[in-house]
Amino acid sequence: MAISDLLGGFADAITPVNLLFALLGVLLGTAVGVLPGIGPAMTVALLLPATYVLEPTSALIMFAGIYYGGMYGGSTTSILLNTPGESASIMTALEGNKMAKAGRGSAALATAAIGSFVAGTIATLLLALVAPTLVEVAINVTTADYFALAVLAFVAVASVLGSSPLRGLAALCLGLYLGLVGTDVLSGQERFTLGIPQLSDGIDVVVVAVALFAVGEALYVASRLRKGSVQVIDHKGSWMTREDLRRSWKPWLRGTAFGFPFGVMPAGGAEIPTFLSYATEKKLTKHPEEFGHGAIEGVAGPEAANNASAAGVLVPLLTLGIPTSATAAIILAAFQGYGIQPGPTLLTTEGPLVWALIASLFIGNAMLLVLNLPLVGLWVKLLRIPRPYLYAGILTFASLGSFAVNADPLDLVILLALGLLGFAMRRFGWPVAPAVIGLILGPIAETNLRRALAISDGDLSVLVDSWFSRVVLGLALLALVGPVVLRAVRGRRPTPAEVQREQEEDREVQRAAGTGDWGASS
Amino acid sequence: MSVVVVGYVPNPRGRAALEHAVLEAHRRDALLVVVNSSRGDALVDEEFLRGDQLRALHDELSASGLRTEVRQPVRGRDVAEELSAVCTETGAELLVIGLKKRSAVGKLLMGSAAQRILLDVDCPVLGVKSSPREA
Amino acid sequence: MNEAEESVASETPAAQRPRGFSGELVGAVLLAALGVYLLVDAGAIAIPGSSNTVGPRFFPYAVGGLSVATGALLALRVLRGDRGPADDGEDVDPDAPTDWRAVAVISVAFVAHALLINVVGWPLAVALMFAAVATTLQGRLTPQAAVRPFLVGLTVGCVVWIIFVKALDVALPGGIVLEFLTSWF
């Protein structure tokens, strides 16, 4: 029963030591998430080593804090600075910054923080309710079905993330290749190890994730370093009024309703639901004249959607062992690091651990609500770290994390090589997430495929034997062909990226008028 | 026409420097050049004026009745280099800077910007700690 | 990373840069080459005799084939003028010319620090790397400009080392001096 399991999880999570780890995770996650240029995926990848030395329960509890803290930190930055660091924060920044300019920055921060809490709590509750049901389904999932799920995740991630499906596929191929390097689990044969003994264990997922996200980003930023600073909005003054609250609570709930399902979907992400939430609030509001000039609904809805989708991502991860975002892939790597094999049986075999994780998501969420608003001043101070020190520091922690895995300098050379790959991918507009997901999910897909075919004696029809796999493979086909067909049939609707571009153009105009956001030289 | 240059930051010591500089510019009937520079190497620089703060500075300067000019260079150089560059360029006859009160440890840890300015700049430098009304 | 379909790409600021040779072509060709390598080398993977179904070669063949196809298609696309929008970020200036010197210095500094770890210990190796990276990003490479980054890096390195090694028991060589100084812990 879910409730008693969840209560058991709380019992594990609410020990003084574990609460301390949750607090530590929340603070670390927010602090790193606030820093410019560091998204949730990089936050989680960089802080992964910090959890290595702990026993699995404490480590995962700390990880839950880091995960939600990283999300919070990102949106705090985007409201404070009007620089949407991640695509999911674009919508929040849109109205949030206008509110700030109208002197209501504190209210924008407050509605975002409380909305995140509300959405995070409801979505985590949904996760707790949905998970056991899904697990009952997942128990009957065959190896062929599981292979189909992996294919769906591949296709969805490759075609949805990134500028074009082909570039997503290219990134996926790189990830799949990296996943092949090492010793084949089923036959014990070495593959593509180039005769280097250290490679026979495969390339460590942590090294790849840190390389692609942290080192690649540092190199890319170094190659095109921005000069100048942005204005911090005034976050003093009154928090929410009763009127603000009255206007916010419905958008919070609606945003949650958009965000959670998209988070559950493979590659659903947070970008589309935040966009949908914004559009809905704009349509439903009683104050349409305020949209574009700082409508509180336009902050409350998207921010709730953003956080709800973050919880939704955990559903396929914890029930099926399928990561649907880069951050989820790194969390999966963390599970593997503790010797926990992810898969449909995760909740059954590691039940108490998973429930402790879910319970600490609740706890972390509550901690964030209490801590975040009073600490805004502190987070702003972090933004004053000069970029040279920031990126040198990122490389320092990348070195720490990768070296700590095996204490082998060769790992650091591989880290740099893959970092250069990440650098190139960023230049070409190849998305990084499919590579990480390919690396993690590739071996899982292969193992399941071969087990399925071994059972059927090589008969390929086993792959479409069950209804489940037929539906899933059908969806995968749809995800691959769908976007192409849709584009051909009915043209395009504006994407969040375009809305952001309009905003950029706004900024261009401002810059031309001499009131630029980046403080261009006179 | 003679030129008075002042380094300005939005804090008490910057205000003190500005007030002294306005007095000096009146006394010398000089052009007042206000320099508010940023290294521009961090995402947030709260000492860099923009928006309302910048407008308030402009209002204040026009109210002083002086001929004034505000410069906000962002070129990755520190304040000492920027000020000395402006002084050289304008042939300034006086530079006004605000001084921070520093502890012994503070002096040990950080290279003093004021000291670098004194060594770099060719023109006379007026260092002030508080506003002329308090003096 | 989240730009719209490629039809839009031609209108993005990224595409306004000169339409010459694109590095992405190299990337696409290398991906295809990787695919060929996978296809060829997969044939060399030993198959245990008993295996009568899909063995360890199948998946490499599949990935290899996919890589060749993707690489070739992407190369065609790039040749026809399609450019991926370069990644955006808070600290990225999309209009800036690529600073290859910074990339080179960081790469060299990182490899050097990897090789130095077991010689001088992690804190000192990382401090040197930190100093090189920060000094480069500051835009001036003089010895004086490197002093402060080095001190900052050394402080960060030592503090992190003490936390991770003494409090968390992570294996990380500290170098003779630091290990001697902290041996009483």
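Buried here means under 20% relative accessible area, with exposed over 50% and partly exposed in between (1.4 Å probe, protein chains only). Keep that in hand for the tour of this predicted model, where local features need pLDDT of at least 70, side-chain atom pairs count only at pLDDT 80 or more, and totals for chains, interfaces and linings use all residues. Residues are numbered from 1 along each chain as its sequence is written, chains are lettered from A in the order in which they are written, and side-chain values use heavy atoms, leaving out hydrogens and water.

**First stop: C:T136.** Select helix 5 of chain C, residues 122-138, and you will find C:T136 in it (helices are DSSP runs of H or I, at least four residues, numbered from the N terminus). C:T136 counts as buried because its relative accessibility is 4%. Now show its side chain, which reaches the backbone oxygen of C:A132 at 2.5 Å. Beyond neighbours within four places in sequence, C:T136 is in contact (heavy atoms within 4.5 Å) with C:A102, C:V105 and C:L141.

Then try residues 25-46, at 82% helix and 0% strand, whose end C-alpha atoms are 34 Å apart.

**Last stop: chains A and B.** Select the contacts and you get 23 residues of chain A and 14 of chain B.

Terms used: Helices (H or I, at least four residues) and strands (E, at least two) are DSSP runs, numbered from the N terminus. A polar contact is a pair of N or O atoms within 3.5 Å; within protein, one must be able to donate a hydrogen and the other to accept it, and residues adjacent in sequence count only if both atoms are side-chain atoms.
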